[in-house]
Amino acid sequence: MTPYTPPTQDQLLAIRVNAGIEELAQSEKFSHAEPDLVEAIVEGVGQFAAGEFAPLNRIGDVEGAKLENGVVRLPDGFHDAYQAYFEQGWNAIASPADFGGQGLPFTLSCNVLENLGAANMAFNLLPMLSVGAIEALEHHGSDAQKGRYLSDLVSGKWSGTMNLTEPAAGSDVGALRSTAEPITEGEHAGKYRIAGQKIYITWGDHELAENIVHLVLARLPDAPEGSRGVSMFLVPKYHVKDDGTLGSRNDLRCVSLEHKLGINASPTCVMSYGDNGECIGELVGQENRGLMAMFTMMNNARINVGNQGNQIAERATQQAMAYALDRVQSARAGSPDRNPVAIIEHPDVRRMILRMKALTEACRALLYYCAGQVDRGTIGDAAAKARAEILVPLLKAWGTDIGVEVAGLGIQVHGGMGFVEETGAAQHWRDSRIAPIYEGTNGIQAADLVTRKLGLENGEVMIALFEDIARDAADEPKLVALAQDCAGIARWMRDEASLDDRLAGSVPFTTMSAVAVAGWQMLRQARAVADGAAPSLAHTKPVTTRFFLDRIVPEANGLKAGAIAGADLLYEVPVEKLAV
């Protein structure tokens, strides 16, 4: 497998232009995010990821996580790499300063995860879930819970998980049946006995961190049915004493590990709580408001999963580029020189490489634009906070689709060598394929966009985004046309379409919207480079931007027919006939 080379200059360009880090640093909250510090973080975590996480990517895929005698074990090297991650403070970049964090913008936390995930996507899921757990506790935990758990979560000494899915409750979280019984007497009075089984729990058990803080959704006695009756509980692997030291093990265990298509080094656990009736948990937030609390963590995770699409696209692009430069085969058809050339000289391979680069860079631009809007919302910009609400499903859905497409193109560039495991190209595609599924499938993201997000201010938040694009991109007619189509579809969905019609067109509309925003952000980057920013990108950025605007934007325009086609045709054939 090709070593990971951090795309530091393109990352810094996106952080400056799309996230607007220098403007964020003008606020009191983020005043420490000065240019020298930003560069040091981006360069430092890139080097760390390349040196510590990347060499474990292949061994993690081949050997994977294993459950041995009730203990989840990782291949050699994972423990030392995680200890280095914890000791160097990478987990604490954007966490609250009151609990040992650096209090820097979320944008920089995204960059830490981007580098770690491009180096080793499966390993990166461990810190990614912990970051979400920190945010959930920061917003919904009691002062006592924050004091007891946050400092060690922030440092990375402990890790965190979220537990939603059950065998009979997948995307319909309201169907879960795990229970929480109040304890009224004894040492655990005021807490709850948790009982139930959860599946697909990422990094649900391992030995890399000293403790694991599980955030578990369960039902209290007499709770309302459905999502209105779900509460969230903090369930530690090891009980925590009043002085902060670890006590006895809680009554929870990993029953088995899933055998997956990819991300083999990430232990995806079936977790059982309360087999002996003594699994103790604490209520987080209000009774029956657990789904709201968990969505704080899920919203964070959806951004970070969209980031994963960018991560795997970057790694697959680097892999394909290295192979295309090295593999010599045939003369270039349009050249008078009949000597064999590296395959990157052939037009179709060059097309694939440029497509991979353009999609990856555009996905990164969308990622940091979204992160920058989140940071502005944190410092009180209500309009930016609302815009981030629109951007999250676009990033999660389109970003992860791009990860799959680019990883697939990477295999194609390799030809037959991409279909065998030795080159490593196949691993990138296998790893990429989970991202459109977890943290809410991409269909769920699209449904969210055309229901809840379209409903923000009666559609005006979404329409304003497309109007901004059309206004700023006035000299790019293809991008203007796409933005105007998106605005028109949004109005049609708001004013005329039935709910079924909206949902039937939601996926193509989500893709159109994401491409419009990503194209706009690429255009902003190209303008900045033309003005002297990032001189090292002066040759490539104009070309990748042009490729995106001239070839990928028109493809998105072609999705309009599907976005407004309605639902009638989908139900024209009865199920019993369709299944024949």
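User: Which residues does Phe123 touch, not counting residues up to four places away in sequence?

Analyst: Phe123 touches Phe53, Leu56, Phe78, Ala81, Tyr82, Trp203 and Leu208, where contact means heavy atoms within 4.5 Å. This is a predicted model, in which local features need pLDDT of at least 70 and side-chain atom pairs count only at pLDDT 80 or more, while totals for chains, interfaces and linings use all residues. Residues are numbered from 1 along each chain as its sequence is written, and side-chain values use heavy atoms, with hydrogens and water left out.

User: What about Pro96, buried or exposed?

Analyst: Pro96 counts as buried because its relative accessibility is 15%; buried means under 20% relative accessible area, exposed over 50%, and partly exposed in between (1.4 Å probe, protein chains only).

User: And where does Pro96 lie?

Analyst: Pro96 is in the loop between helix 5 (78-87) and helix 6 (106-119); helices are DSSP runs of H or I with at least four residues, numbered from the N terminus. Its C-alpha atom is separated by 8.1 Å from that of Val154, 58 residues apart along the chain. Leaving aside neighbours within four places in sequence, Pro96 contacts Gly101, Ile134 and Glu138.

User: Changing topic: how do the axes of helix 17 and helix 18 cross?

Analyst: The axes, which are lines fitted to C-alpha atoms over the stretch in contact, come within 9 Å and cross at roughly 160 degrees. The two helices are therefore roughly antiparallel, a term for angles over 145 degrees.

User: Which residues make that contact?

Analyst: Among them are Met512, Val515 and Ala518 of helix 17, and Phe548, Leu549 and Ile552 of helix 18.

Key
Axes fitted to C-alpha atoms, helices over the stretch in contact; angles between N-to-C directions. Parallel < 35°, antiparallel > 145°, perpendicular 65-115°, else oblique.
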